[in-house]
Amino acid sequence: MRSWLFFLIACVVGAAVYGGVILLHNEYYFFAGYTVLQFIVLATAWNILGGYTGYVNFGSAAFFAVGAYTSVFFHKTYPLPIPVLIVIAGVVAGIIGLGMGYLTLRLRGAFFAIATLAMAVVLQTLIVNWDYVGGSRGAYIIRPREIAVIGNYVQYLFLLMLGLSIIALTVARIIERSRLGFGFASIRDDELAAEAAGVPTLKLKLIATTLSGALMGMAGAPFPYYIGYLEPASAFGLQYAVNSIAMPMIGGTTSWAGPLIGAVLLGTLQQWATVTISSAANLLLVGVLLVLFVIIAPKGILGLVESRRNKKG
Amino acid sequence: MSVDLFINALIAGLLLGGFYAAVTVGISISFGILDIVNIAHPGFIILGSYIAYIANDRLGIDPIATGIIVLPAFYALGAVIYQVYYESFERRGQDPLRGLAFFFGLLFITEVLLILVFGVDYRYVKAPYIDQSINLGFVNLPLRMLIPCLISLLMLALLQLFLTKTFIGRAIMAVAQDQLALQLMAADPVRIKRIAFAISIATCAMAGAFLIIIQPVEPSVGREYIGRVFAICVLGGLGSLPGTLIGAMLLGIVESFTATFYGPSWAPAVAFGLLLLTLAFRPSGILGR
């Protein structure tokens, strides 16, 4: 399937989702749906680095928070429309991703993972000590009640996130089928062999961190407007790091469909658990599912489906 | 900068460093020697803290005594975790990525379970020595720091003796270097690794007890220690206990100076910043092998 055709189909599916949620006549679904969509973007972004090249990033929350705090910064200095903020957040987070790549990508495997964790805490400390964006007290963002054309503001945010997730999925799929994607896969399978065969591994890894970071930052940009009050502990919350790892792992890391499946399943499950049980219980659920899946089904749901198909055929 | 403030900060840093050594020694064994990236380590330390808290709150037992009593339980827990890890990842030759995700999940599960059971309130223990301190001239030695530091140094010395003088200890060092050769010497590498990993988790019982003596504990405190333990472990050179001690003292001193002269809110970034710099410029650490 051509990429533009995929993009068109994704847009049609997106429009159908949007229409379906409108028909439910309940603002809560936009509210909950926004979170699920946000996780689709985060999981897909994580998978570009983690799934395709095999480098585990524990610092997803940091990139997300960079996006969110970019919005807060501009909200205080010079308010801009959210789509512009998304682009700026993408650039800022992308640059941070590139910088982190330069510092750490010469390290293999575990060291890279630990370094990303370290970076998240360094950034959090910087934000906590930066009074202009609220410091540890946090910052209030008063969102307008209405927006032109669409009307309801939450609906507008939902639509933005829907657009972002379509873009993220398309980008992931294009990468998967391009020379870039094969390069990534060769790094994942055997970095030394790839380098010996002339794959420019460092350059490819830098592309992956930049892209992945930029998409996570973009996912974070509308967040302050969604939540209304942003403080470092919530922006850097562990749930973003855990979810963006758990979702691709549960769905399957080798294809764009994996993070999508994982995010929709886990995201919906969590929304349901938050409402019916408690928000701490839903995090426990994610942790337990992650551990179970890596032990029992290391290739995720996609892997399970594939092995069943192979048995039949 | 006055001299007595400087000396007090230095001594506070050394005492803190002694405690950090106890927190890190487990990681030095599991990550440094066995190459198992156990990022759930701080989670088990917090678990140790809460056990010490319960014993102190309900039965009035001294936290350090609790730490020693539950050592076998933590040892058993470590053995079980290693067995699961071995069966599901090492034996199948799975990529380390999934092993990492496994421990990340474990960390998360312990934290959330503790939140569900105890809530997010800070907990602390009572012991006669916690409020006291020794004054030598202008130097102030709080017992709440001094006692964990001394016992931690003792623990490190015992572990170092164990690793260098006993058969099993030497086998643990050997498994890091050449697993096949060890097998040819008729020692089972899986058994040796299980013992080593179990010891690394057992140290969490002591480290947890020290932690709750030094500061009040809530479930997410563990996260701050992820950076510290790996920073110290990498700084000191992987898998070397003397290196761990030097790294821990260094980090303790740097953190203490940052807290004294710039304010405590910058302290967490110090460890991670130091870690990033070490990883970028000298990945093999100070006493790298």
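How much area do chain B and chain A bury between them, and what share of it lies on carbon and sulfur atoms? In this predicted model, the two chains bury about 3500 Å² between them, with 86% of that area on carbon and sulfur atoms. Chain B contributes 38 residues to the contact, and chain A likewise contributes 38 residues. On the side of chain B, B:Arg98, B:Phe104 and B:Phe108 lose the most area to chain A, and together they account for 20% of what that side buries.

Helices α4 (71-90), α5 (96-118), α10 (222-235) and α12 (267-281) of chain B each supply at least two residues of the side that touches chain A. The largest share of that side, 14 residues, comes from α5(B). By class, the side of chain B that touches chain A comprises 29 nonpolar, five polar and four charged residues.

The largest nonpolar core holds 200 residues, of which A:Phe58, B:Phe19, B:Phe31, B:Ile39, B:Phe102, B:Phe103 and B:Phe230 touch the most other members. Helix α9 (residues 189-214) of chain B provides the largest share of this core, with 17 residues. The surroundings of B:Phe102 include residues of both chains: with residues up to four places away in sequence not counted, B:Phe102 touches A:Val291, A:Val294 and A:Ile295 as well as B:Val84, B:Tyr85 and B:Phe89.

Within chain A, helix α7 (residues 179-189) has A:Gly181, A:Gly183, A:Phe184, A:Ala185 and A:Ile187 as its buried residues. These buried residues of α7(A) pack against α2 (27-50), α6 (153-176), α8 (191-196) and α9 (201-220) of chain A. A:Pro232 is placed in helix α11 (residues 232-235) of chain A and counts as buried because its relative accessibility is 3%, under the 20% limit. Leaving out residues up to four places away in sequence, A:Pro232 touches A:Tyr69, A:Gln124, A:Ile127, A:Val128, A:Gly135 and A:Ser136. The C-alpha atoms of A:Pro232 and A:Val264 are separated by 26 Å, the two residues being 32 residues apart along the chain.

In chain B, the loop between α1 (3-33) and α2 (41-59) contains B:Asp35. The phi angle of B:Asp35 is near 65 degrees, a positive value in a residue other than glycine. B:Asp35 counts as exposed because its relative accessibility of 58% is over 50%.

Over all chains, a search of the whole structure finds five salt bridges. One of these joins A:Arg188 and A:Asp189, whose closest N and O atoms are 3.6 Å apart. In this pair A:Arg188 is partly exposed at 31% relative accessibility, whereas A:Asp189 is exposed at 59%. In chain B, B:Arg58 forms a salt bridge with B:Asp57, the closest N and O atoms lying 3.8 Å apart. Here B:Arg58 is exposed, with a relative accessible area of 60%, while B:Asp57 is partly exposed at 40%. A salt bridge also links the side chains of B:Asp121 and B:Arg123, at 4.0 Å from N to O. B:Asp121 is partly exposed, with a relative accessible area of 48%.

Notes
Residues numbered from 1 in each chain as written. Chains lettered and ligands numbered in written order. Predicted model: local features only at pLDDT ≥ 70, side-chain atom pairs only at ≥ 80, totals over all residues. Heavy atoms only, no water. Core = buried A, V, L, I, M, F, W, Y, C linked by side-chain atoms within 4.5 Å. Buried < 20%, exposed > 50% of the residue type's maximum accessible area, 1.4 Å probe, protein only. Helix = DSSP H or I, 4+ residues; strand = E, 2+ residues; numbered from the N terminus. Contact = heavy atoms within 4.5 Å. Buried area = accessible area lost by both parts, 1.4 Å probe. Nonpolar A, V, L, I, M, F, W, Y, C, P; charged D, E, K, R; others polar.
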